[in-house]
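Welcome! Please take a moment with the sequence and the model shown here, and then let us walk through them together.

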Amino acid sequence: MKDMTHSADAATVEEALAADNHQGVVDSEGATALAMQNTLLTPRFYTTDFDEMDRIDVSSVREDWDKLIAQMKSDPNKGHFKKNEDWDHVDWDGMEPKLKREFIDFLVSSCTAEFSGCVLYKEMKRRGNNEDIVTLFQLMARDEARHAGFINDALREAGIAVNLGFLTQKKKYTYFRPKFIYYATYLSEKIGYARYITIYRHLEANPELRFHPIFKWFREWCNDEFSHGEAFALLMKTDPKLTQSFANKLWIKFFLTAVYSTMYVRDHQRPAFHAALGVDPDWYAHEVFTKTSEISRQVFPITLDIDHPRWQKGLEALQRANVDLADAKQTGKVFKRMGATVRAAAAFIGLFTIPAVKHQVPVSTRLEPAY
Amino acid sequence: MGWLTKDFETAPCEVEVSHCFDSLHAHVKFLNGAVINPGDEVQVQGPPVMAPYGEIVREERIARITRASKLEQLWTRMTGDFEFMELCEFSFSEEIMPHAAPRAAHKEGVPA
(Lines give C-alpha, C1' and ligand atoms only; values in the text may rest on other atoms or scores of the structure.)
Protein backbone atom coordinates (compact mmCIF):
# COMPACT_ATOMS: atom_id res chain seq x y z
CA MET A 1 0.00 0.00 0.00
CA LYS A 2 1.23 3.46 -0.82
CA ASP A 3 2.01 5.49 2.28
CA MET A 4 -0.30 8.39 2.89
CA THR A 5 1.53 11.66 2.39
CA HIS A 6 1.15 14.30 5.03
CA SER A 7 1.39 18.05 4.66
CA ALA A 8 3.61 18.09 7.74
CA ASP A 9 6.35 16.41 5.69
CA ALA A 10 6.12 18.76 2.76
CA ALA A 11 9.03 20.97 1.86
CA THR A 12 7.01 23.36 -0.26
CA VAL A 13 3.49 24.75 -0.25
CA GLU A 14 2.79 22.87 -3.49
CA GLU A 15 3.77 19.57 -1.90
CA ALA A 16 1.69 20.37 1.15
CA LEU A 17 -1.32 21.08 -1.01
CA ALA A 18 -0.89 17.79 -2.81
CA ALA A 19 -0.63 15.80 0.43
CA ASP A 20 -3.37 13.32 1.16
CA ASN A 21 -4.55 15.03 4.30
CA HIS A 22 -5.20 18.32 2.58
CA GLN A 23 -7.05 17.44 -0.55
CA GLY A 24 -9.64 20.14 -0.23
CA VAL A 25 -7.45 23.25 -0.08
CA VAL A 26 -7.36 24.99 -3.43
CA ASP A 27 -7.72 28.71 -2.83
CA SER A 28 -4.81 31.02 -2.09
CA GLU A 29 -6.06 31.76 1.40
CA GLY A 30 -5.95 28.07 2.22
CA ALA A 31 -2.48 27.81 0.72
CA THR A 32 -1.20 30.67 2.87
CA ALA A 33 -2.69 29.12 5.98
CA LEU A 34 -0.92 25.86 5.19
CA ALA A 35 2.40 27.52 4.53
CA MET A 36 2.15 29.23 7.89
CA GLN A 37 1.73 25.97 9.70
CA ASN A 38 5.39 25.29 9.26
CA THR A 39 6.70 26.17 12.69
CA LEU A 40 10.38 26.93 12.92
CA LEU A 41 11.83 25.70 16.19
CA THR A 42 14.10 28.38 17.58
CA PRO A 43 16.00 26.95 20.52
CA ARG A 44 18.56 29.14 22.27
CA PHE A 45 22.21 28.27 22.55
CA TYR A 46 24.17 28.53 25.73
CA THR A 47 27.69 28.28 26.92
CA THR A 48 28.93 28.09 30.47
CA ASP A 49 32.07 27.66 32.53
CA PHE A 50 32.86 24.11 31.48
CA ASP A 51 36.02 23.99 33.61
CA GLU A 52 33.97 24.69 36.70
CA MET A 53 31.56 21.93 35.77
CA ASP A 54 34.47 19.56 35.25
CA ARG A 55 35.56 20.22 38.83
CA ILE A 56 32.29 18.90 40.30
CA ASP A 57 33.05 15.98 42.55
CA VAL A 58 30.08 13.74 43.28
CA SER A 59 31.95 11.51 45.74
CA SER A 60 30.04 12.98 48.72
CA VAL A 61 26.76 11.73 47.19
CA ARG A 62 28.28 8.79 45.34
CA GLU A 63 25.87 6.11 46.49
CA ASP A 64 22.74 8.07 45.56
CA TRP A 65 24.37 9.27 42.36
CA ASP A 66 25.29 5.81 41.10
CA LYS A 67 21.82 4.49 41.88
CA LEU A 68 20.16 7.32 39.99
CA ILE A 69 22.44 6.99 36.98
CA ALA A 70 21.94 3.21 36.91
CA GLN A 71 18.19 3.74 36.97
CA MET A 72 18.39 6.25 34.12
CA LYS A 73 20.66 3.94 32.14
CA SER A 74 18.22 1.06 32.53
CA ASP A 75 15.81 3.37 30.71
CA PRO A 76 12.50 2.28 32.27
CA ASN A 77 10.54 4.50 29.89
CA LYS A 78 12.05 3.11 26.73
CA GLY A 79 9.14 1.91 24.69
CA HIS A 80 6.68 4.01 26.65
CA PHE A 81 6.62 6.81 24.14
CA LYS A 82 4.94 4.79 21.45
CA LYS A 83 1.46 5.17 20.18
CA ASN A 84 -0.66 2.16 21.06
CA GLU A 85 -4.37 1.41 21.19
CA ASP A 86 -4.72 4.04 23.94
CA TRP A 87 -4.00 6.73 21.38
CA ASP A 88 -7.58 7.59 20.47
CA HIS A 89 -8.58 9.35 17.33
CA VAL A 90 -8.31 13.11 17.66
CA ASP A 91 -10.98 15.18 15.97
CA TRP A 92 -8.83 18.18 15.11
CA ASP A 93 -11.35 19.53 12.62
CA GLY A 94 -14.16 19.39 15.15
CA MET A 95 -12.12 21.10 17.88
CA GLU A 96 -13.28 24.53 18.89
CA PRO A 97 -10.90 26.97 17.07
CA LYS A 98 -9.81 28.89 20.17
CA LEU A 99 -9.10 25.68 22.05
CA LYS A 100 -7.25 24.28 19.06
CA ARG A 101 -5.07 27.36 18.84
CA GLU A 102 -4.21 27.35 22.54
CA PHE A 103 -3.62 23.61 22.62
CA ILE A 104 -1.29 23.76 19.61
CA ASP A 105 0.52 26.66 21.26
CA PHE A 106 0.88 24.46 24.36
CA LEU A 107 2.29 21.59 22.28
CA VAL A 108 4.68 23.80 20.30
CA SER A 109 6.04 25.49 23.41
CA SER A 110 6.44 22.13 25.14
CA CYS A 111 8.24 20.75 22.10
CA THR A 112 10.54 23.77 21.95
CA ALA A 113 11.29 23.43 25.66
CA GLU A 114 12.20 19.75 25.37
CA PHE A 115 14.24 20.52 22.29
CA SER A 116 16.13 23.40 23.94
CA GLY A 117 16.84 21.16 26.92
CA CYS A 118 18.24 18.58 24.54
CA VAL A 119 20.50 21.14 22.85
CA LEU A 120 21.75 22.46 26.20
CA TYR A 121 22.42 19.02 27.69
CA LYS A 122 24.11 17.80 24.54
CA GLU A 123 26.43 20.81 24.55
CA MET A 124 27.38 20.07 28.18
CA LYS A 125 28.00 16.48 27.30
CA ARG A 126 30.21 17.43 24.40
CA ARG A 127 32.28 20.06 26.16
CA GLY A 128 32.68 18.32 29.51
CA ASN A 129 35.51 16.02 30.57
CA ASN A 130 34.12 14.82 33.89
CA GLU A 131 32.85 11.29 33.32
CA ASP A 132 30.01 11.53 35.87
CA ILE A 133 28.70 14.78 34.48
CA VAL A 134 29.07 13.75 30.84
CA THR A 135 27.11 10.54 31.46
CA LEU A 136 24.30 12.40 33.18
CA PHE A 137 23.92 14.98 30.42
CA GLN A 138 23.96 12.34 27.72
CA LEU A 139 21.09 10.49 29.42
CA MET A 140 19.08 13.64 29.90
CA ALA A 141 19.60 14.70 26.27
CA ARG A 142 18.25 11.28 25.23
CA ASP A 143 15.04 11.78 27.25
CA GLU A 144 14.44 15.30 26.03
CA ALA A 145 14.90 14.34 22.37
CA ARG A 146 12.47 11.47 22.89
CA HIS A 147 9.84 13.73 24.44
CA ALA A 148 10.28 16.26 21.65
CA GLY A 149 9.79 13.49 19.07
CA PHE A 150 6.60 12.36 20.77
CA ILE A 151 5.10 15.86 20.86
CA ASN A 152 6.21 16.40 17.29
CA ASP A 153 4.20 13.38 16.28
CA ALA A 154 1.09 14.75 17.98
CA LEU A 155 1.64 18.04 16.13
CA ARG A 156 1.94 16.24 12.82
CA GLU A 157 -1.52 14.80 13.34
CA ALA A 158 -2.76 18.34 13.56
CA GLY A 159 -0.96 19.19 10.32
CA ILE A 160 1.75 21.24 12.03
CA ALA A 161 5.25 20.69 10.72
CA VAL A 162 8.16 21.41 12.96
CA ASN A 163 11.02 22.87 10.97
CA LEU A 164 14.52 22.03 12.16
CA GLY A 165 16.23 24.28 9.66
CA PHE A 166 17.37 26.71 12.35
CA LEU A 167 21.00 25.57 12.25
CA THR A 168 21.65 27.55 9.10
CA GLN A 169 20.56 30.71 10.87
CA LYS A 170 22.99 32.82 12.79
CA LYS A 171 22.95 31.72 16.42
CA LYS A 172 24.42 33.69 19.25
CA TYR A 173 25.74 31.82 22.27
CA THR A 174 24.77 33.40 25.55
CA TYR A 175 26.39 32.66 28.88
CA PHE A 176 25.10 31.17 32.11
CA ARG A 177 27.06 30.61 35.24
CA PRO A 178 26.84 26.90 36.11
CA LYS A 179 24.95 27.58 39.33
CA PHE A 180 22.22 29.42 37.44
CA ILE A 181 21.87 26.43 35.17
CA TYR A 182 21.42 24.24 38.25
CA TYR A 183 18.80 26.49 39.86
CA ALA A 184 16.86 27.12 36.66
CA THR A 185 16.89 23.59 35.28
CA TYR A 186 16.29 21.98 38.68
CA LEU A 187 13.19 24.10 39.16
CA SER A 188 12.10 23.74 35.59
CA GLU A 189 12.27 19.92 35.80
CA LYS A 190 10.54 19.74 39.18
CA ILE A 191 7.79 22.21 38.34
CA GLY A 192 7.39 20.36 35.05
CA TYR A 193 6.80 17.17 37.03
CA ALA A 194 4.26 18.92 39.27
CA ARG A 195 2.44 20.41 36.29
CA TYR A 196 2.17 17.15 34.36
CA ILE A 197 1.20 14.98 37.32
CA THR A 198 -1.46 17.44 38.50
CA ILE A 199 -3.15 17.35 35.10
CA TYR A 200 -2.73 13.57 34.89
CA ARG A 201 -4.39 12.97 38.28
CA HIS A 202 -7.15 15.44 37.50
CA LEU A 203 -7.96 13.66 34.23
CA GLU A 204 -7.71 10.28 35.88
CA ALA A 205 -10.58 11.42 38.12
CA ASN A 206 -12.42 13.13 35.24
CA PRO A 207 -11.68 11.07 32.12
CA GLU A 208 -14.51 12.67 30.14
CA LEU A 209 -12.50 15.93 30.07
CA ARG A 210 -9.49 14.33 28.38
CA PHE A 211 -9.80 15.88 24.92
CA HIS A 212 -6.48 14.53 23.60
CA PRO A 213 -4.75 11.19 24.22
CA ILE A 214 -1.33 12.77 24.91
CA PHE A 215 -2.45 13.42 28.51
CA LYS A 216 -2.48 9.66 29.12
CA TRP A 217 1.31 9.67 28.67
CA PHE A 218 1.94 12.41 31.21
CA ARG A 219 2.72 10.15 34.16
CA GLU A 220 5.77 8.37 32.74
CA TRP A 221 6.77 11.54 31.01
CA CYS A 222 6.89 13.49 34.24
CA ASN A 223 8.80 10.70 35.95
CA ASP A 224 11.64 11.50 33.54
CA GLU A 225 11.41 15.14 34.57
CA PHE A 226 11.48 14.05 38.19
CA SER A 227 14.71 12.03 37.73
CA HIS A 228 16.42 14.92 35.95
CA GLY A 229 15.51 17.15 38.87
CA GLU A 230 16.93 14.57 41.28
CA ALA A 231 20.26 14.67 39.45
CA PHE A 232 20.45 18.46 39.76
CA ALA A 233 19.53 18.22 43.44
CA LEU A 234 22.47 15.88 44.00
CA LEU A 235 24.75 18.16 42.00
CA MET A 236 23.81 21.11 44.21
CA LYS A 237 24.35 18.98 47.29
CA THR A 238 28.01 18.41 46.34
CA ASP A 239 28.77 22.06 47.10
CA PRO A 240 26.96 23.35 50.22
CA LYS A 241 27.76 26.97 49.33
CA LEU A 242 25.38 26.71 46.36
CA THR A 243 22.37 26.53 48.64
CA GLN A 244 23.59 27.88 51.99
CA SER A 245 25.43 31.14 51.40
CA PHE A 246 23.50 34.37 51.97
CA ALA A 247 23.81 35.57 48.37
CA ASN A 248 22.86 32.21 46.91
CA LYS A 249 19.77 32.00 49.13
CA LEU A 250 18.68 35.29 47.60
CA TRP A 251 19.30 33.87 44.12
CA ILE A 252 17.23 30.81 44.98
CA LYS A 253 14.41 33.02 46.16
CA PHE A 254 14.67 35.05 42.99
CA PHE A 255 14.51 31.95 40.81
CA LEU A 256 11.56 30.52 42.74
CA THR A 257 9.64 33.79 42.46
CA ALA A 258 10.45 34.20 38.77
CA VAL A 259 9.56 30.63 37.81
CA TYR A 260 6.31 30.56 39.82
CA SER A 261 5.09 33.93 38.65
CA THR A 262 5.97 33.25 35.03
CA MET A 263 4.00 30.05 35.13
CA TYR A 264 1.03 31.89 36.59
CA VAL A 265 1.05 34.57 33.92
CA ARG A 266 1.65 32.13 31.10
CA ASP A 267 -1.13 29.75 32.10
CA HIS A 268 -3.61 32.61 32.30
CA GLN A 269 -2.92 33.25 28.63
CA ARG A 270 -4.60 29.94 27.77
CA PRO A 271 -8.14 30.23 29.17
CA ALA A 272 -9.83 27.94 26.61
CA PHE A 273 -7.25 25.20 27.16
CA HIS A 274 -7.78 25.20 30.91
CA ALA A 275 -11.56 25.49 30.58
CA ALA A 276 -11.62 22.41 28.33
CA LEU A 277 -9.65 20.46 30.92
CA GLY A 278 -12.01 21.69 33.61
CA VAL A 279 -9.08 23.24 35.46
CA ASP A 280 -9.24 26.62 37.19
CA PRO A 281 -5.80 28.17 36.49
CA ASP A 282 -5.68 29.71 39.97
CA TRP A 283 -6.37 26.39 41.64
CA TYR A 284 -3.90 24.71 39.31
CA ALA A 285 -1.15 27.24 40.06
CA HIS A 286 -1.59 26.83 43.82
CA GLU A 287 -1.59 23.06 43.52
CA VAL A 288 1.59 23.05 41.40
CA PHE A 289 3.35 25.54 43.72
CA THR A 290 2.45 23.42 46.76
CA LYS A 291 3.88 20.27 45.21
CA THR A 292 6.99 22.01 43.87
CA SER A 293 7.67 23.66 47.24
CA GLU A 294 7.29 20.36 49.05
CA ILE A 295 9.74 18.68 46.66
CA SER A 296 12.26 21.52 46.56
CA ARG A 297 12.70 21.32 50.34
CA GLN A 298 14.99 18.39 49.52
CA VAL A 299 17.72 20.85 48.60
CA PHE A 300 16.61 24.48 48.96
CA PRO A 301 16.72 25.88 52.53
CA ILE A 302 13.79 28.20 51.79
CA THR A 303 10.38 27.97 50.15
CA LEU A 304 8.07 30.79 49.11
CA ASP A 305 5.17 31.65 51.40
CA ILE A 306 2.45 30.95 48.84
CA ASP A 307 -0.27 31.30 51.48
CA HIS A 308 0.80 34.82 52.40
CA PRO A 309 -2.03 37.32 51.76
CA ARG A 310 0.21 39.34 49.41
CA TRP A 311 1.09 36.33 47.23
CA GLN A 312 -2.13 35.80 45.27
CA LYS A 313 -2.77 39.56 45.07
CA GLY A 314 0.72 40.10 43.67
CA LEU A 315 0.31 37.38 41.06
CA GLU A 316 -2.98 38.89 39.92
CA ALA A 317 -1.40 42.36 39.67
CA LEU A 318 1.46 40.93 37.62
CA GLN A 319 -1.01 39.15 35.38
CA ARG A 320 -3.04 42.33 34.77
CA ALA A 321 0.12 44.32 34.04
CA ASN A 322 1.20 41.65 31.59
CA VAL A 323 -2.13 41.77 29.74
CA ASP A 324 -1.85 45.56 29.44
CA LEU A 325 1.74 45.27 28.34
CA ALA A 326 0.86 42.84 25.55
CA ASP A 327 -1.98 45.11 24.46
CA ALA A 328 0.25 48.21 24.49
CA LYS A 329 2.89 46.42 22.43
CA GLN A 330 0.31 45.45 19.86
CA THR A 331 -1.25 48.88 19.58
CA GLY A 332 2.02 50.77 19.90
CA LYS A 333 0.94 52.86 22.89
CA VAL A 334 4.22 54.02 24.39
CA PHE A 335 2.96 55.45 27.69
CA LYS A 336 0.69 52.53 28.37
CA ARG A 337 3.65 50.26 27.73
CA MET A 338 5.86 52.16 30.16
CA GLY A 339 3.13 52.18 32.79
CA ALA A 340 2.51 48.45 32.43
CA THR A 341 6.24 47.70 32.64
CA VAL A 342 6.56 49.68 35.87
CA ARG A 343 3.49 47.94 37.32
CA ALA A 344 4.87 44.52 36.37
CA ALA A 345 8.23 45.31 37.98
CA ALA A 346 6.51 46.62 41.12
CA ALA A 347 4.33 43.51 41.34
CA PHE A 348 7.39 41.29 40.98
CA ILE A 349 9.30 43.17 43.68
CA GLY A 350 6.20 42.89 45.88
CA LEU A 351 6.25 39.11 45.44
CA PHE A 352 10.00 38.86 45.93
CA THR A 353 9.92 40.74 49.23
CA ILE A 354 7.38 38.43 50.90
CA PRO A 355 9.41 36.77 53.69
CA ALA A 356 10.40 33.23 52.74
CA VAL A 357 9.75 30.14 54.84
CA LYS A 358 13.00 28.77 56.23
CA HIS A 359 13.62 25.14 57.05
CA GLN A 360 16.24 22.49 57.59
CA VAL A 361 17.38 20.60 54.52
CA PRO A 362 17.32 16.83 55.10
CA VAL A 363 20.61 14.95 55.17
CA SER A 364 19.44 12.52 52.53
CA THR A 365 18.42 14.25 49.33
CA ARG A 366 16.83 11.56 47.19
CA LEU A 367 13.07 11.47 46.66
CA GLU A 368 10.75 9.28 44.64
CA PRO A 369 7.77 10.60 42.68
CA ALA A 370 4.86 10.38 45.11
CA TYR A 371 1.99 12.45 43.69
CA MET B 1 40.72 38.95 19.46
CA GLY B 2 40.55 42.70 19.89
CA TRP B 3 38.72 44.69 22.53
CA LEU B 4 36.32 46.11 20.00
CA THR B 5 36.88 44.19 16.81
CA LYS B 6 35.14 41.02 15.78
CA ASP B 7 37.03 38.23 14.05
CA PHE B 8 35.63 35.69 11.65
CA GLU B 9 36.69 32.17 11.04
CA THR B 10 35.33 29.12 9.35
CA ALA B 11 35.31 25.59 10.69
CA PRO B 12 34.32 22.29 9.12
CA CYS B 13 31.46 20.73 11.02
CA GLU B 14 29.12 17.80 11.04
CA VAL B 15 25.44 18.58 11.26
CA GLU B 16 23.08 15.91 12.49
CA VAL B 17 19.34 16.43 12.24
CA SER B 18 17.02 13.69 13.45
CA HIS B 19 13.34 13.96 12.63
CA CYS B 20 12.24 10.64 14.08
CA PHE B 21 9.54 9.51 16.42
CA ASP B 22 12.21 8.27 18.84
CA SER B 23 14.28 11.39 18.75
CA LEU B 24 13.84 14.93 17.54
CA HIS B 25 17.19 16.65 17.71
CA ALA B 26 19.67 18.76 15.77
CA HIS B 27 23.32 19.24 16.62
CA VAL B 28 26.46 20.76 15.20
CA LYS B 29 29.87 19.26 15.92
CA PHE B 30 33.03 21.12 14.94
CA LEU B 31 35.52 18.82 13.29
CA ASN B 32 38.59 20.96 13.93
CA GLY B 33 38.10 21.33 17.66
CA ALA B 34 36.88 24.94 17.46
CA VAL B 35 35.55 26.17 20.81
CA ILE B 36 32.63 28.57 21.17
CA ASN B 37 32.88 31.32 23.75
CA PRO B 38 30.23 33.63 25.21
CA GLY B 39 28.85 36.05 22.64
CA ASP B 40 30.21 34.20 19.61
CA GLU B 41 27.87 33.60 16.72
CA VAL B 42 27.70 30.46 14.64
CA GLN B 43 26.07 30.00 11.29
CA VAL B 44 26.16 26.81 9.30
CA GLN B 45 26.63 27.68 5.63
CA GLY B 46 24.41 26.50 2.83
CA PRO B 47 20.73 25.74 2.53
CA PRO B 48 18.77 24.57 5.61
CA VAL B 49 19.51 20.97 6.56
CA MET B 50 16.12 19.35 6.31
CA ALA B 51 15.40 15.82 7.45
CA PRO B 52 12.17 14.30 6.16
CA TYR B 53 10.02 12.69 8.83
CA GLY B 54 11.43 9.37 9.97
CA GLU B 55 14.98 10.12 8.87
CA ILE B 56 18.30 11.21 10.32
CA VAL B 57 20.41 13.41 8.08
CA ARG B 58 24.15 13.84 8.65
CA GLU B 59 26.04 16.30 6.51
CA GLU B 60 29.48 17.84 6.55
CA ARG B 61 29.25 21.57 6.21
CA ILE B 62 31.27 24.68 6.83
CA ALA B 63 30.31 26.89 9.76
CA ARG B 64 31.15 30.54 9.97
CA ILE B 65 32.06 31.62 13.48
CA THR B 66 31.89 35.30 14.36
CA ARG B 67 34.07 35.79 17.39
CA ALA B 68 32.75 38.31 19.87
CA SER B 69 35.06 41.17 20.73
CA LYS B 70 36.66 41.02 24.18
CA LEU B 71 34.23 43.66 25.38
CA GLU B 72 31.22 41.83 24.02
CA GLN B 73 32.43 38.61 25.60
CA LEU B 74 32.66 40.29 28.99
CA TRP B 75 29.26 41.86 28.50
CA THR B 76 27.69 38.51 27.58
CA ARG B 77 29.29 36.92 30.64
CA MET B 78 27.86 39.63 32.84
CA THR B 79 24.37 39.81 31.40
CA GLY B 80 23.75 36.39 29.90
CA ASP B 81 22.55 35.05 33.20
CA PHE B 82 19.47 37.20 33.08
CA GLU B 83 18.17 35.35 30.07
CA PHE B 84 17.78 32.29 32.23
CA MET B 85 14.00 32.35 31.98
CA GLU B 86 14.36 30.83 28.56
CA LEU B 87 15.43 27.64 30.26
CA CYS B 88 11.96 27.33 31.69
CA GLU B 89 9.20 25.87 29.64
CA PHE B 90 6.72 28.63 30.31
CA SER B 91 8.90 31.63 29.67
CA PHE B 92 7.12 34.75 28.49
CA SER B 93 6.66 34.46 24.80
CA GLU B 94 4.78 36.20 22.11
CA GLU B 95 1.94 34.17 20.75
CA ILE B 96 3.53 31.45 18.74
CA MET B 97 0.73 30.01 16.70
CA PRO B 98 -0.12 30.25 13.97
CA HIS B 99 0.36 33.74 12.57
CA ALA B 100 3.49 34.70 14.49
CA ALA B 101 5.68 31.84 13.34
CA PRO B 102 6.63 33.00 9.83
CA ARG B 103 7.21 36.51 11.12
CA ALA B 104 9.58 35.26 13.78
CA ALA B 105 11.46 33.28 11.18
CA HIS B 106 11.67 36.28 8.94
CA LYS B 107 13.10 38.41 11.73
CA GLU B 108 16.03 36.05 11.96
CA GLY B 109 16.80 36.68 8.34
CA VAL B 110 15.69 33.37 6.96
CA PRO B 111 12.79 33.05 4.57
CA ALA B 112 9.94 31.19 6.21
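**A walk through the two chains**

Chain A is divided into domain 1 (46-161 + 173-239) and domain 2 (241-363), with bounds that come from an automatic or database domain assignment. This is a predicted model, in which local features need pLDDT of at least 70 and side-chain atom pairs count only at pLDDT 80 or more, while totals for chains, interfaces and linings use all residues. Residues are numbered from 1 along each chain as its sequence is written, and chains are lettered from A and ligands numbered from 1 in the order in which they are written.

Let us start with the chain as a whole. Chain A has 14 helices and six strands; helices (H or I, at least four residues) and strands (E, at least two) are DSSP runs, numbered from the N terminus. Of its 371 residues, 43% are buried, where buried asks for 20 or more other C-beta atoms within 10 Å of the residue's own, exposed for 12 or fewer, and partly exposed lies in between, with C-beta atoms placed from the backbone. Among the contacts in chain A with a separation of 6 or more, 76% come from residues 24 or more positions apart; a contact means that two C-beta atoms, placed from the backbone, lie within 7 Å.

The C-alpha centres of domain 1 and domain 2 of chain A lie 22 Å apart, and 27 residues of domain 1 touch 25 residues of domain 2. On the domain 1 side, α5 (97-127), α7 and α8 (218-237) of chain A each supply at least two residues. Which helix gives the most to this side? That is α7(A), with 13 residues. By class, this side of domain 1 of chain A has 14 nonpolar, four polar and nine charged residues. Here Ala, Val, Leu, Ile, Met, Phe, Trp, Tyr, Cys and Pro count as nonpolar, Asp, Glu, Lys and Arg as charged, and the others, Gly among them, as polar.

Helix α7 (residues 178-205) of chain A packs with helix α12 (residues 281-296) of chain A at an angle of about 135 degrees, their axes being 9 Å apart. That angle makes α7(A) oblique to α12(A). The contact includes Ile191(A) and Ala194(A) of α7(A) and Val288(A) and Ile295(A) of α12(A). Axes are lines fitted to C-alpha atoms, for helices over the stretch in contact, and angles run from 0 to 180 degrees between N-to-C directions.

With α8(A), α7(A) packs at about 155 degrees, and the axes are 8 Å apart. This makes α7(A) roughly antiparallel to α8(A). The cut-offs are under 35 degrees for roughly parallel, over 145 for roughly antiparallel, 65 to 115 for roughly perpendicular, and oblique for the rest. Among the residues that meet here are Tyr193(A) in α7(A) and Phe226(A) in α8(A). By class, this contact of α7(A) with α8(A) has 15 nonpolar, four polar and four charged residues.

One loop residue deserves a stop. Asp75(A) is found between α4 (62-74) and α5 of chain A, and its phi is near 55 degrees, a positive value in a residue other than glycine. Most residues other than glycine have a negative phi. Asp75(A) is partly exposed, with 14 other C-beta atoms within 10 Å.

Finally, turn to chain B. Chain B holds two helices and four strands, in the order β-β-β-β-α-α from the N terminus on. Of the 112 residues of chain B, 26% count as buried.
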